[in-house]
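Have the model open beside you as you read.

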Amino acid sequence: MTPKVTVNIDGANIKTARGSSVLDAALEHGTCIPHLCRVPYIESIGACRLCIVEHVVNGWSKVTTSCTLLVQEGMVILSNTEKIRKLRRNVAELLVSQAPNSRAIQDIAVRCGVKEVRYPFRNSECVLCGRCVQLCPGTFGVKAIGFVGRGKDRRVESPFDIRSELCNECGSCTDLCPMTVVPCDGPMKTGEEYLCRNCESKMAFAEEQGICISCDFGEGFQCERSPQNF
Amino acid sequence: MPPPTLDSILEERRSQPHQLIEVLQDVQEHYGYIAEESMRTISNELGVPLMEVYKVASFYKAFALKPRGKNVITICTGTACHVRGAKLILNQAVGQLGVKPSEVSDDGLFTIEHVNCLGACALGPVVTDNGNYHNHMSPGKLRKLIKSIYKTDAEEISHD
């Protein structure tokens, strides 16, 4: 049996397996922390920054991504404070301005309480969440795609921008891409982007930001709380 | 002296994935750039996935994926140099040589590159030509520098 540790997430003491991440522990015990780049059973890379939490040590709190934070005995985590909600809302706003045509990202933004987008819409096809890169099985575990370049030129590409011979055409990358998960019915045209807020009506308590709802979104993202998994 | 072959660069480094950056640096130094073919060989010989080699080579500004000119002029456009007018210097270089940044001039003599910091912020704006640092650059000083490089090249050719 795996050794257990006790962590305190939002005031609840939960026992979870040593070596799991705070995000996994929280999801397992029913605290939904919004997340985008996490792929279950694969080590997280902390790319999307949506799953930020406050980690309280000796009365000081440190904001960090819960997917890359491993559980430790006696850890105190706050996932739904005013500070975190504000930061997370900003992260979600930036994501939705980068890729307004992704239904998945629109959903997340509304769930995180984004009311308006103050940044210019960039209509990018990619938010660099790295889900495809993390999952790509390639051949013999050798990835066929990866991050290339740096800074604002960072992008997902196969070597030399030609399809790698290591690609099995398994389609896992497109299956997991937030641009394709539950695609939006009518992609928003350039110059006509907006925050769709359709899914807001599905939220039980719109004023309670960050609260988990059993949304369609969870289906594609293997959210533990999606209707299928209940 | 002919540049060492890829084989000799890889000597005693085969199957050691952690040597990747050292090997790439040596290839960059001796060939001036890292060709696709070299990357494939390095990937095979070190046992590093090609994706990793390409990722590392494309990440660092120190590695060029396309051939560079004989003289590489690096212009710092970091914060300190930027506020002291790095843009004017970049424009001067681009105008005088007639090439865009990170392209090779028609005569194959020059490549202009801009980097984010050369680590000599107090001396800004900083320009390097083939690794020689020049401090407190101005468009005028750069014009003279480029002229002097042309001159040295012309002398070298006449000596040959």
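Reading chain B from the N terminus, the elements go α-α-α-α-β-α-α-β-β-β-α, which makes seven helices and four strands. Here helices (H or I, at least four residues) and strands (E, at least two) are DSSP runs, numbered from the N terminus. Keep in mind that this is a predicted model, where local features need pLDDT of at least 70, side-chain atom pairs count only at pLDDT 80 or more, and totals for chains, interfaces and linings use all residues. Residues are numbered from 1 along each chain as its sequence is written, chains are lettered from A and ligands numbered from 1 in the order in which they are written, and side-chain values use heavy atoms, with hydrogens and water left out.

Of the 160 residues in chain B, 40% are buried (under 20% relative accessible area, 1.4 Å probe, protein chains only). Among contacts (heavy atoms within 4.5 Å) in chain B with a separation of 6 or more, 62% join residues 24 or more positions apart.

Now zoom in on helix H4 (residues 50-59) of chain B. Why is H4(B) largely enclosed by the rest of the structure? Because seven of its ten residues are buried: Leu50(B), Met51(B), Val53(B), Tyr54(B), Val56(B), Ala57(B) and Ser58(B). What do these buried residues pack against? Their partners are strands S6 (146-148) and S7 (155-157) of chain A, along with helices H2 (20-31) and H3 (36-46) of chain B.

Notes: Buried means under 20% relative accessible area, exposed over 50%, partly exposed in between (1.4 Å probe, protein chains only).
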